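Please consult the sequence and the structure below while reading.

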Amino acid sequence: MLYISTRGQAPALSFEEVVLTGMASDGGLYVPETLPEFSREELAEMAGLSYAEIAFRVMKPFVNGEIDDATFRSIVTEAYATFNHDAVVPLKQLDANHFLLEQFHGPTLAFKDVALQLLGRLLDHFLKKRGERAVIMGATSGDTGSAAIEGCRHCDNLDIFILHPHNRVSEVQRRQMTSVLANNVFNIAIEGNFDDAQAMVKASFADQTFLNGTRLVAVNSINWARIMAQIVYYIASGVALGAPHREVSFCVPSANFGNVFAGYMAYKMGLPVKQFIIATNANDILHRTLAANDFSKKELAATLAPSMDIVVSSNFERLLFDAYDRDGLAVAALLERFQQEPTALADAPLAKLREKFASYSVDDATILEVIREAHKRTGEMLDPHTATGYRAAERARADQSTPMITLATAHPAKFAEAVVKAGFPGVPLPPHMEDLIEREERYTVLPAELSAVQQYVAEHRR
Ligand SMILES: *Cc1c(COP(=O)(O)O)cnc(C)c1O
């Protein structure tokens, strides 16, 4: 199996190459050339297996024999042993036929752990095999940085440098990053804002000469391996609720579209899915596109669900590639127009998307209302991202008879500010993190200057 670019002009890559590569050289994103499909019997057999075993079976075709089965199985088993729940991503019933898929039992309490626990180990495996080292650089305003650090802290051949805006991330989020004292983890607090940090990371990818030939790797959701790892929990939760013998539906709090795109992959691979609901906060580009064919940028709004605060939804390109019948040049033309001015999708691709996808946008006031309401009705404390999903699932579901699975993307303790605003005293951190506030921290403060950051990276990489 090879991986091809959504813009049709970059070379096809093997699995190993696609894990080590971020964006394609033509500006597109990599997707599998063909998708593996599971028969009804193969899906039925997965019911009742451990999460790690389902993960092995679902991902094995994508790995394409480039890692031997025993090694891949142990990578997968190790990755999911870091979760604090035996089911890894457990289902919890909330209402009649409405379920939460709890994705926050990993080391940093948000769904990005599911992919990044695997990605760090895959990168380390391929680097060791090649006798190479690599540097990871990323900028974070919250969830991605800590999940990437946790995913890479044990990797011998990787050094990870995460930039965050100094004094501008929450204390819990900062400590989740800075209390990891592994000697390949470097936290840099930039005297600037998130955009400054991100601009320096982008510039470093564009001109890597400061690293003298060492590979620079991206771990954001354009990396195919992150999507691959996320396909697993759609299939695991689907078969737990009766697939392939009955259909299920999913509602996904969405930003860069990586999570819900993985669900769409699961559907294309044979999971019977009735409907996907895309939940957004006030940053509603996905909802505007689906509901009104308004494919345009809008100014960033800072919301109570900050991990969904985006202007552009990078992985949406992967879905567009399918909707445009895998015509890379048409996708490239559409996205170039989109960068310049408000635009719209062509009729046929939009109609195709609307067959499977619905959408709903939830503002901050409603997030608070939903947190209160859901707690009163079900006893469950939702985090603000999950709250957008809960409301979207209620309002946009096609029918009541198909089980609805809403993805609970973060633990409420991680976003206690919203919970307090909703009128609750707060949420305690789970027992294994209770001492987070006392843990020793390590980070370096640097000015928002590219040369200072690059010099620090060049000197400290091992
Ligand atoms: C990253 C994130 C999202 C958005 O996921 P995408 O894959 O970017 O759509 C939603 N909720 C939480 C808590 C996140 O950290």
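## Helix packing, ligand surroundings and backbone features

Helix α12 passes α14 in a right-handed crossing. This contact is formed by F316, L319, D322 and A323 on the α12 side, and by P349, K352 and L353 on the α14 side. Sorted by class, the contact of α12 with α14 holds five nonpolar, no polar and two charged residues. The model is a predicted one.

Two packed helices are described by the angle between their axes and the distance between the axes. For α12 (residues 316-323) and α14 (residues 347-356), the axes come within 9 Å and cross at roughly 110°. Angles of 65 to 115 degrees count as roughly perpendicular, and α12 and α14 are therefore roughly perpendicular to each other.

The crossing of α4 and α5 is right-handed. On the α4 side, the contact is made by T71, F72, I75, V76, E78, A79 and Y80, and on the α5 side by V114, Q117, L118, R121, L122 and H125. By class, the contact of α4 with α5 comprises eight nonpolar, three polar and two charged residues.

The model also contains a ligand, which is surrounded by 15 residues. The closest of these are K112, D143, A255, N256 and T409.

| Residue | Part of the residue | Distance to a ligand oxygen atom |
|---|---|---|
| K112 | side chain | 2.5 Å |
| F257 | backbone | 3.0 Å |
| N259 | backbone | 2.9 Å |

Two features of the backbone remain to be described. Most residues other than glycine have a negative phi, and most peptide bonds are trans. The peptide bond that joins A243 and P244 is cis, with omega about 5°. P244 is located in the loop between α9 (224-240) and β9 (248-253). N97 is not a glycine, yet its phi is positive, at about 65°. The loop that holds N97 lies between β3 (91-95) and β4 (98-102).

Note on methods: Residues numbered from 1 in each chain as written. Predicted model: local features only at pLDDT ≥ 70, side-chain atom pairs only at ≥ 80, totals over all residues. Heavy atoms only, no water. Left-handed = near helix turned anticlockwise from the far one by under 90°. Helix = DSSP H or I, 4+ residues; strand = E, 2+ residues; numbered from the N terminus. Contact = heavy atoms within 4.5 Å. Nonpolar A, V, L, I, M, F, W, Y, C, P; charged D, E, K, R; others polar. Near = heavy atom within 4 Å. Polar contact = N/O pair within 3.5 Å; in protein donor to acceptor, adjacent residues only side chain to side chain. Axes fitted to C-alpha atoms, helices over the stretch in contact; angles between N-to-C directions. Parallel < 35°, antiparallel > 145°, perpendicular 65-115°, else oblique.
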